[in-house]
Amino acid sequence: MAALGWLTPRRRSATARSVLAGEAAAEAARKSSQELEALEALHGTAPAAEPDFPVAGDDRAAAFFDLDNTVMQGAAIFHFGRGLYKRKFFQRRELARFAWQQAWFRLAGVEDPEHMQDARDSALSIVKGHRVAELMSIGEEIYDEYMAERIWPGTRALAQAHLDAGQKVWLVTAAPVETATIIARRLGLTGALGPVAESVDGVYTGKLVGEPLHGPAKAEAVRALAHAEGLDLTRCAAYSDSHNDIPMLSLVGHPYAINPDAKLRKHARAREWRLRDYRTGRKAAKVGIPAAAGVGAIAGGTAAAVALHRRRR
């Protein structure tokens with residue numbers, strides 16, 4: 001991996017692996033943004049917001065958006081897994097695992113670290129030995145097939161408001177940086193910070209650089225990028241649905257809880273953070289799933305759970 005010469009070394013409270021993951025994600029995001037800046041931002045009208053925010057022309061401000069259940073319904077890595085299964089990258093028994101994890105995520109409305117880690121490990125083992133260019137091309141197709149229709153319009157409008165104000169907008173996610181970069185480009189955003197999968201001569205090794213971009217590692221990625229870009233974090237905004245992202249949200253002057261889980265909602269209310277909930281239906285709003293998808297998710301999750309239980313036995 002290229003030397004991180006643009007970073008200023010300093011002591012941090014996060015673990016060394018979190019720092020490494022954050023810095024690697026920030027470096028990859030800066031490189032990808034150079035290409036994304038040339039693309040036109042999406043046209044649209046942002047919803048009415050506080051009159052003084054985002055501040056137009058404030059080039060020391062930026063916005064950082066979590067991806068799963070904040071920008072997109074469900075988890076990007078699970079949708080990516082569905083696309084790879086369709087292309088015969090792995091067998092049906094692995095699909096059952098992805099289906100169960102996705103059903104849990106949609107029903108509970110929260111990130112289960114064990115499920116997310118299992119999904120990442122599965123994805124890394126699946127792509128091992130494949131070329132980066134091949135997976136990027138397939139990722140474009142998977143976005144159209146499974147992800148495009150799952151973007152929350154309200155969150156997309158919030159991102160557009162920052163773009164219209166002349167600010168950069170970054171995704172910050174535990175999803176692979178290649179997948180996150182595709183989503184960012186399709187939405188007209190600046191770029192993405194995500195886990196960097198190791199590759200040698202353009203071929204995936206099946207390993208990560210550092211650790212998954214989760215919790216404190218997300219905060220380190222934002223901190224590193226802000227330092228490199230000359231941003232003032234007190235003038236920046238961050239958006240997330242999960243209490244796991246409280247470290248990232250606490251870094252900025254304008255934190256938003258989007259479709260929040262119970263812990264984040266409680267935390268946000270106690271600190272008078274702004275809240276937005278774009279889920280529909282009373283039950284869906286409580287558990288974090290689209291109302292029409294509830295029955296299907298339960299049925300699919302039950303079937304997947306049975307398959308997974310049989311496999312473990």
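Three aromatic pairs turn up here, counting rings of Phe, Tyr and Trp (its six-membered ring) whose centres lie within 6.5 Å. Planes under 30 degrees apart make a pair stacked, over 60 edge-to-face, and the rest tilted.

## What you are looking at

This is a predicted model, in which local features need pLDDT of at least 70 and side-chain atom pairs count only at pLDDT 80 or more, while totals for chains, interfaces and linings use all residues. Residues are numbered from 1 along each chain as its sequence is written, and side-chain values use heavy atoms, with hydrogens and water left out.

The protein chain has 12 helices and eight strands. Helices (H or I, at least four residues) and strands (E, at least two) are DSSP runs, numbered from the N terminus. Of the 313 residues in the chain, 54% are buried. Take the contacts (heavy atoms within 4.5 Å) with a separation of 6 or more: 68% of them are between residues 24 or more positions apart.

## The sheet and its helices

Now for the sheet. Six strands form an open sheet in the order S3-S2-S1-S6-S7-S8, with parallel pairing; two strands pair if DSSP finds at least two bridges between them. Strand S3 (191–193) and strand S8 (274–276) sit at the edges with a single partner strand each, so one side of each has no neighbour in the sheet. From one strand to the next, the twist averages 25° (axes are lines fitted to C-alpha atoms, for helices over the stretch in contact, and angles run from 0 to 180 degrees between N-to-C directions).

Strand S6 (residues 237–240) and strand S7 (residues 254–258) run parallel and are joined by four bridges. Alanine 237 stands opposite histidine 254 in S7, and tyrosine 239 has tyrosine 256 as its bridge partner there. S7 is mostly covered, with five of its five residues buried. His254, Tyr256 and Ile258 point one way from the strand, Pro255 and Ala257 the other.

Helix H10 (residues 262–270) lies across S6, S7 and S8, at about 145° to S8.

Helix H2 (residues 76–86) packs with helix H5 (residues 132–147) at an angle of about 105°, their axes 9 Å apart. H2 and H5 are therefore roughly perpendicular (that covers 65 to 115 degrees; under 35 is roughly parallel, over 145 roughly antiparallel and the rest oblique). Residues making the contact include His79, Phe80 and Leu84 of H2, and Leu135, Ile138 and Tyr146 of H5.

Helix H8 (residues 216–229) has 14 residues and spans 20 Å from first C-alpha to last, close to the 20 Å expected, where the expected span is 1.5 Å times one less than the number of residues. Its buried residues include Ala217, Val222 and Leu225. Just past H8, glycine 230 has a positive phi of about 70°.

## Spots to check in the loops

Most residues other than glycine have a negative phi. Lysine 88 has a positive one, near 65°. Lysine 88 is in the loop between H2 and helix H3 (92–108), and its 73% relative accessibility makes it exposed. Aspartate 201 also has a positive phi, near 55°. This aspartate 201 lies in the loop between strand S4 (197–200) and strand S5 (203–208), and at 71% relative accessibility aspartate 201 is exposed.

Finally, alanine 56 is in the loop between H1 and S1 and counts as exposed at 63% relative accessibility. Alanine 56 and alanine 165 are 109 residues apart in sequence, yet 4.1 Å apart in space, C-alpha to C-alpha.

Terms used. Buried means under 20% relative accessible area, exposed over 50%, partly exposed in between (1.4 Å probe, protein chains only).
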